[in-house]
Amino acid sequence: MEVQIATSAKFPASLPAVLDDMAPPPLIRDDTAGPYAALFAHIIAEVKPRGIVEHIWVRDFVDLAFEVVRLRSLKADLLTAGANEGLRNVLRDIGADDYFGLAKRWYAREPDAVAAVEAALAAAGLGFGVVRAQALALRIGEVEATDRMIRSAEARRDEMLRQLFRHQAELAERLRRAAAAQAEIDAQIDARVHDIEIVPAPVQTGQFVEAGG
């Protein structure tokens, strides 16, 4: 899947194409290219990378930021997927009739089943939080593993940004020192020019004999 990514006018248009040839954006089948491309464009505009090295770092940062967002979404999907079984356990524990079928129909969002579940929970003095708690308990291993993956991706994302900003700061300092050194050289040249004494040539007279009549 090809993603068109906007870049600053200062950068060669071929830079994103080079990166795409090396490794296409990390999009899976159901992903749309728009959010990734928009994130890339915003980061490019804010960070303003210079050259291919910084551009690669920005690409890595965007990939990791995108991974963090996806993992957080997948964590929510895990809990959503476990809601059916979590509700089934709750309905069983409070003695609801046909709890298995009711939970299945509730998960399919059938209106009568949704109403029946709400009534059963209310009659038992329970809120829907107990269903979420059951879903979490059932998927706790997957949730913890996902949390570890999120923390790892966040750490790598933040380190990538620190490396990029450190490189930019060092480059800016080198440019500042070079400019200061050049300014000092220019000042020395100007001083030498002002120290040169310009002596006008003497006016010489009597070199020509005035013609007589």
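Student: What percentage of the 213 residues in the protein do buried residues make up?

Tutor: This is a predicted model. A residue counts as buried when its relative accessible area is under 20%. In this protein, buried residues make up 28% of the 213 residues.

Student: How many helices and how many strands are there in the protein?

Tutor: There are seven helices and zero strands. The pattern along the sequence is therefore written α-α-α-α-α-α-α.

Student: What share of the contacts with a separation of 6 or more comes from residues 24 or more positions apart?

Tutor: Such residues account for 71% of those contacts in the protein. The helix pairs below give particular cases.

Student: How should I read the packing of helix H3 and helix H4, and at what angle do their axes cross?

Tutor: Start with the angle between N-to-C directions, which runs from 0 to 180 degrees. An angle over 145 degrees counts as roughly antiparallel. Helix H3 covers residues 51-93 and helix H4 residues 99-107; their axes come within 9 Å and cross at roughly 150 degrees. H3 is therefore roughly antiparallel to H4. The crossing of these two helices is right-handed.

Student: Which residues of H3 and H4 make the contact?

Tutor: On the H3 side they are Thr80, Ala81, Ala83, Asn84, Leu87, Arg88, Leu91 and Arg92. H4 contributes Tyr99, Phe100, Leu102, Ala103, Lys104, Trp106 and Tyr107. Sorted by class, the contact of H3 with H4 has ten nonpolar, two polar and three charged residues.

Student: How does H3 pack with helix H6, and what is the angle?

Tutor: H6 spans residues 129-138, and H3 packs with H6 at about 115 degrees, the axes being 7 Å apart. This crossing of H3 and H6 is right-handed. From H3, the residues that meet H6 are Leu79, Gly82, Ala83, Glu85, Gly86, Leu87, Asn89, Val90 and Asp93. Their partners in H6 are Val130, Val131, Gln134, Ala135, Leu136 and Leu138. By class, the contact of H3 with H6 has nine nonpolar, four polar and two charged residues.

Student: Take alanine 135 as an example: is this residue buried or exposed?

Tutor: Alanine 135 lies in helix H6. Its relative accessible area is 2%, so alanine 135 is buried. Leaving aside residues up to four places away in sequence, alanine 135 touches Leu79, Gly82, Ala83 and Gly86. Alanine 135 and alanine 83 are 52 residues apart in sequence, yet 5.1 Å apart in space, C-alpha to C-alpha.

Student: How many aromatic pairs does a search of the whole structure find?

Tutor: The search finds four. To read a pair, take the distance between ring centres and the angle between planes; planes over 60 degrees apart count as edge-to-face. Tyrosine 36 and phenylalanine 66 are edge-to-face, at 5.3 Å centre to centre with 80 degrees between the planes. Tyrosine 36 lies in helix H2 (residues 33-47) and phenylalanine 66 in helix H3, so the pair ties together parts that are 30 residues apart in sequence. Both tyrosine 36 and phenylalanine 66 are buried. One aromatic cluster is formed by Tyr36, Phe40 and Phe66.

Student: Why is the pair of tryptophan 106 and phenylalanine 128 described as tilted?

Tutor: The ring planes are at 35 degrees, with centres 5.4 Å apart, so the pair is tilted. Tryptophan 106 lies in helix H4, and phenylalanine 128 in the loop between helix H5 (111-123) and H6, so the pair ties together parts that are 22 residues apart in sequence.

Student: How accessible are tryptophan 106 and phenylalanine 128?

Tutor: Tryptophan 106 has a relative accessible area of 9% and is therefore buried. Phenylalanine 128, at 30%, is partly exposed.

Notes
Residues numbered from 1 in each chain as written. Predicted model: local features only at pLDDT ≥ 70, side-chain atom pairs only at ≥ 80, totals over all residues. Heavy atoms only, no water. Helix = DSSP H or I, 4+ residues; strand = E, 2+ residues; numbered from the N terminus. Parallel < 35°, antiparallel > 145°, perpendicular 65-115°, else oblique. Left-handed = near helix turned anticlockwise from the far one by under 90°. Contact = heavy atoms within 4.5 Å. Nonpolar A, V, L, I, M, F, W, Y, C, P; charged D, E, K, R; others polar. Phe/Tyr/Trp six-rings, centres within 6.5 Å; stacked < 30°, edge-to-face > 60°. Buried < 20%, exposed > 50% of the residue type's maximum accessible area, 1.4 Å probe, protein only.
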